[in-house]
Amino acid sequence: MSTKTPNGLDKLGLKDIGDVYYNLSYDELQAHEVNRGECKISTSGTAMCDTGIFTGRSPNDKYFVDQAPSNEHIAWGDVNAKIDKEIYEELLDLTLTQLSGKNIYVTDVYAGASAASKRSIRFVTEVAWQAHFVKNMFIRPTESELERFVPDFTVYNACKAVDEKYKEHGLNSDVFVVFNIEDNVAIIGGTWYGGEMKKGIFSMMNYWLPLEGKLPMHCSANVGADDDVCLFFGLSGTGKTTLSTDPRRALIGDDEHGWDDHGVFNFEGGCYAKVINLDEKSEPEIYGAIIKDALLENVVADERGVVDYTNGSKTENTRVSYPIEHIENHKKDLQAGHPNNIIFLSADAFGVLPPVSKLTKEQAMYYFLSGYTAKVAGTERGITEPVATFSACFGEAFLPLHPTVYAKLLGEKIDEHGVNVYLVNTGWTGGPYGTGKRMSIKNTRACIDGILSGAILDTEFETLDIFNLSIPKTLEGVDTAVLNPRNTWEDKAEYDAMLSKLAGMFQENFHRYDGNGGEFDFASAGPQL
């Protein structure tokens, strides 16, 4: 057992603390997980845990304490709900009571690889695998850094506590995830799901950094041999992880990044990948990362520890967290210079967007604010035709500030660093879902290659009607017939009607920003009917 003691233990507010397990090694954590009955071990040596009835985040149970000065910056609404200071104090007392009189795990980590922007985060929990999870997901300090570690922010995870007075408190359920920005504290109760800790800190980085003129981003990032950096934004199902994983380029990170005066940097020290239907041939990097020190969540395994990745009986959201070192071709310092290229990925199930188009700065801000993809028929009950999905900045659930704050920062950085921005459709062509075909991975990868090599800049462009997108007439490796999506539809009138229909959905979604543009009319950069 580790004999190290964290600095500031007396400031945690806990009483009658038992053993303190401080920044345990992976071997120590695995021993605790097995001995406490929290985890079993797979045939690959990976710990396997279950997260209880919550196999995903609880967005309707997330709150920010309503107090100055942070309440002047937060965009209150469905994403960012208020909670009174008095109710927070009651829940804090409930949290501290739950963690008092127990053996606890204290894990000190960093969020942010950039020395100019990182935050020191302390996690306190009574569950060993949750300490393992944050050790995987955040940046692991050296022994010398731990000796002088002082937390900027503390997360108390009292997952075994529930708010039995939640109706009296006016809350949605007995689960609570509450952020007190002024006291630099978050408390979690009622849910065991590890992703609450990961995305909780992401939300805080999304609060802190813009106030310093830095851009937090929900994206993956990689860098080439010539130090050219590319960012990939995209909602689930658009191919963000697949397309940013490139044997010719080093992975900076797969999910959360910042952009400060020094360049792009990963917030995390690990990856958190979905593993439902994971296949070694199609995703060899993720499959190969599931070894000792990784942590599988909610998977089904037989008595020998053989995992059945096709089994979603516990949840379709089966996951693995692992240190980024498990990906052989990663950028060791988790940071690089300013981006050369930014790619927005959309899986357009209406089949009307081009496979690749070059955006102006204003269009980049518009499509960043839109955060578009589409759900297809059959993915959810009752969906019989494609449904447009919009998530501001490709991560609306984690934005404490108004989305236009992030869009304006993006525009400023594009201007300052001369970044090229592209919209890539990984969805359908030749018709909507059910009629057309999914864009071939060959064509999509050729589009990405053309962007990364700069070859796309040497081509002649034409303009797509209504959306006013610049699309290349030719691009090496891409079937010329698919570059202009109208050419792939047999019925051109049907294409024109569908293009107008999608444009109307974009416009309808964008009414939410009416009056919020200030000096810049965001809507003018979008489709015009």
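This is a predicted model: local features need pLDDT of at least 70, side-chain atom pairs count only at pLDDT 80 or more; totals for chains, interfaces and linings use all residues.
This talk covers the pockets, cavities and nonpolar cores of one protein model.

I'll start with the pockets. The largest one has a volume of about 1900 Å³. Its lining takes in 49 residues, and the ones nearest its centre are Leu 235, Ser 236, Gly 237, Lys 274 and Arg 319. Which elements each supply at least two residues to this lining? They are α6, α7, at 240-244, β17, at 270-274, and β25, at 372-375. By class, the lining of this pocket has 18 polar, 16 nonpolar and 15 charged residues.

Next is the second largest pocket, with a volume of about 340 Å³. Here 22 residues form the lining, with Thr 245, Asp 246, Glu 285, Ile 286 and Ile 327 nearest the centre. The lining of the second largest pocket divides into eight nonpolar, seven polar and seven charged residues.

Rolling a probe the size of a water molecule over the atoms shows where empty space is left. How many cavities of 30 Å³ or more are there? The count is four. The largest cavity has a volume of about 60 Å³. Around it sit Arg 57, Ser 58, Pro 59, Lys 62, Val 177, Phe 179, Glu 196, Lys 199, Gly 200, Ser 203 and Phe 398. Both β9, at 176-180, and α6, at 195-208, supply at least two residues of that lining. α6 gives the most, with four residues. In terms of class, four of the lining residues are charged, four are nonpolar and three are polar.

Last, the packing. The largest nonpolar core has 146 residues, and Leu 231, Phe 344 and Phe 467 have the most contacts inside it. What does Phe 467 touch, leaving aside its neighbours within four places in sequence? Its contacts are Leu 353, Gln 363, Tyr 367, Leu 499, Leu 502, Ala 503, Phe 506 and Pro 527. There is also a second, separate core of 18 residues, and among its members are Cys 230, Phe 232, Val 424 and Ile 456. On the sequence, Leu 231 of the largest core sits between Cys 230 and Phe 232 of the second one.

Conventions. Residues are numbered from 1 along each chain as its sequence is written. Side-chain values use heavy atoms; hydrogens and water are left out. On a 1 Å grid over the protein atoms alone, a cavity is a set of points where a 1.4 Å probe fits but cannot get out, and a pocket is an open set with protein on both sides within 12 Å along at least five of seven lines; lining residues have an atom within 4 Å of a point. Grid points are joined across faces, edges and corners, and a volume is the space filled by probe spheres set on the points. Ala, Val, Leu, Ile, Met, Phe, Trp, Tyr, Cys and Pro count as nonpolar, Asp, Glu, Lys and Arg as charged, and the others, Gly among them, as polar. A nonpolar core is a set of buried Ala, Val, Leu, Ile, Met, Phe, Trp, Tyr and Cys residues joined through side-chain atoms within 4.5 Å. Buried means under 20% relative accessible area, exposed over 50%, partly exposed in between (1.4 Å probe, protein chains only). Contact means heavy atoms within 4.5 Å.
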